[in-house]
Amino acid sequence: MLIGMWDDELSSRNNRVKQLSDEFGTGFSVVNLKNCRQFYLVFPEESYGFSMVGKIPWSHLRSIMRISDEEERNFYLKEALTENWSVRVLERNIKSGYYKRMLSTQLPDKENKALEFVKDPFILEFMGATPNISQLESDLEATIINNLQKFLLEMGKGFSFVGRQMRICTEATDFYIDLVFYNYILKCFVVIDLKTKKLTHQDIGQMDMYVRMFDDLKRREDDNPTIGIIFCTDKDETIVKYSVLHESQQIFASKYMTVLPTVEELQKELERNQLIYDSRK
C-alpha cells in the first residue's frame, strides 16, 4: 500500500513538472523548484540579501541560502562579491566556519581593527598534514609556502607575502622570523611564528620581542604598529590571562587545525575560545 501511494505521488509530481516544462521550457526539475522556493523564502524583497542576489552567481546563492542565520548569510554574500570567491572557495569557507571563527575573536569593548583579521582557530586542511608532536616547524613552514595561495585565502583579505625566515639583525645577535606578511588594509606588517606544540609563556615572550624589534628596525614611518600571530596546536585560559596577551593590541595566539572540523567540533572549539577571549575583556 505504501509503495502504491509513493508511486502515485511520484507520478503526480512528474506530471506537474512536465506541465511546467511544456509551458515555460526546461529547468523545472523538483530540485530546482525546491531551490527556487527556498530562494524566495530566504531573500524576501527589501532585504540586504535580495539587493545582492543579482550580483552573485546562482551557484554561489545555492550554497549561501542554506545558511539559517541572516547575518552570516549577509557576510558570505558580501565577501563572495567583494573578494571574488569561486564557488569552491565559498563552500570551503562555509564548511570551515570562516564567519564564526572570525567572529569569535571580536572584543566589542575594544576598538582594535586587527581583530577583524585574526581568526581562532585557523583551518589549514589544504596542507594535507596531520597534527604530529614530532613535526618540525621548518616542515610546517615549507608546507605553508607550498600552499601559499590557499594560505592567503585563509588569512583573509588584504594580505600579501613578504618573506620567510626574515633576518633581524641587532648589535649582538641575528634573529629569524618564520613568516612575514603585509596587510594593505591595516597598513602594517604581520609576523607569524609557527609552533608545533601547545602555547607557552616563552612563545609569547619571543613574539613580544619580535614585534618590538620589527617595529624598531623594519617598520616605516607611514606603517601602523606591527602585528604578531603565534600559530600553535593548543592554548589555555591561564596562559592567555597571565601574559602580555591579556592586554596587548599587537600580539595574538591562534590555534591551527589541519583537518576540517565537524559542526560539533567547531562549535566546541569556539565555545572554548570564547572563555579565553572573555578573560581579555
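Trainee: Which residues form one aromatic cluster?

Mentor: The cluster consists of F117, F122, F151, F159, F161, F181, F231 and Y256. Rings of Phe, Tyr and Trp (its six-membered ring) pair if their centres lie within 6.5 Å, and planes under 30 degrees apart count as stacked, over 60 as edge-to-face and the rest as tilted. Please note that this is a predicted model, in which local features need pLDDT of at least 70, side-chain atom pairs count only at pLDDT 80 or more, and totals for chains, interfaces and linings use all residues. Residues are numbered from 1 along each chain as its sequence is written, and side-chain values use heavy atoms, with hydrogens and water left out.

Trainee: How many aromatic pairs does a search of the whole structure find?

Mentor: The search returns 17 aromatic pairs. One of them joins F117 and F159 edge-to-face, at 6.4 Å centre to centre with 70° between the planes. This pair links distant parts of the chain, 42 residues apart: F117 is in the loop between α7 and β1, and F159 is in strand β2 (residues 159–169). Helices (H or I, at least four residues) and strands (E, at least two) are DSSP runs, numbered from the N terminus.

Trainee: And F117, is that buried or exposed?

Mentor: F117 is buried, because its relative accessible area is 6%. F159 is buried as well, at 11%. Buried means under 20% relative accessible area, exposed over 50%, and partly exposed in between (1.4 Å probe, protein chains only).

Trainee: What about Y182 and F189, how are they paired?

Mentor: Y182 and F189 form an edge-to-face pair, 4.9 Å centre to centre and with 80° between the planes. Both residues are buried.

Trainee: Moving to the largest nonpolar core, which residues touch the most other members?

Mentor: They are F151, I192, I229 and F231, in a core of 24 residues. At least two residues of this core come from each of α8 (137–146), α9 (148–155), β3, β4, β5 (227–232) and β6 (251–257). β4 supplies the largest share, namely four residues. A nonpolar core here is a set of buried Ala, Val, Leu, Ile, Met, Phe, Trp, Tyr and Cys residues joined through side-chain atoms within 4.5 Å. In soluble globular proteins, nonpolar side chains tend to be buried together.

Trainee: Which residues is I229 in contact with?

Mentor: Leaving aside neighbours within four places in sequence, I229 is in contact with V118, F122, M155, V190, V191, I192, D193, M207, F252 and S254. There is also a second, separate core of 21 residues, which includes L199, I204, Y210 and I230. Contact means heavy atoms within 4.5 Å.

Trainee: What does M257 touch?

Mentor: Not counting residues up to four places away in sequence, M257 touches P121, F122, I123, L124 and E125. M257 is in strand β6 and is buried, because its relative accessible area is 15%. The C-alpha atoms of M257 and D120 are separated by 9.7 Å, although these residues are 137 residues apart along the chain.

Trainee: What kind of peptide bond joins D120 and P121?

Mentor: A cis peptide bond, with omega of about 5°. P121 is in the loop between α7 (98–103) and β1 (122–123).

Trainee: Where is E46 found, by the way?

Mentor: E46 is in the loop between α2 (30–42) and α3 (48–52). Its phi is positive, about 75°, although E46 is not a glycine. E46 counts as exposed because its relative accessibility is 79%.

Trainee: And what is the phi of K187?

Mentor: Phi of K187 is near 60°, again a positive value in a residue other than glycine. K187 is in the loop between β3 (174–183) and β4 (188–194), and it counts as partly exposed because its relative accessibility is 45%.

Trainee: Back to the helices: what should the residues of α5 span?

Mentor: At 1.5 Å a residue, the 13 residues of α5 should span 18 Å, and the end C-alpha atoms are 18 Å apart, which agrees. The expected span is 1.5 Å times one less than the number of residues in the helix. Within α5, buried residues include E72, F75 and Y76.

Trainee: Where is the place of N74?

Mentor: N74 is in helix α5 (residues 70–82). N74 counts as buried because its relative accessibility is 18%. Beyond neighbours within four places in sequence, N74 is in contact with Y48 and G49.
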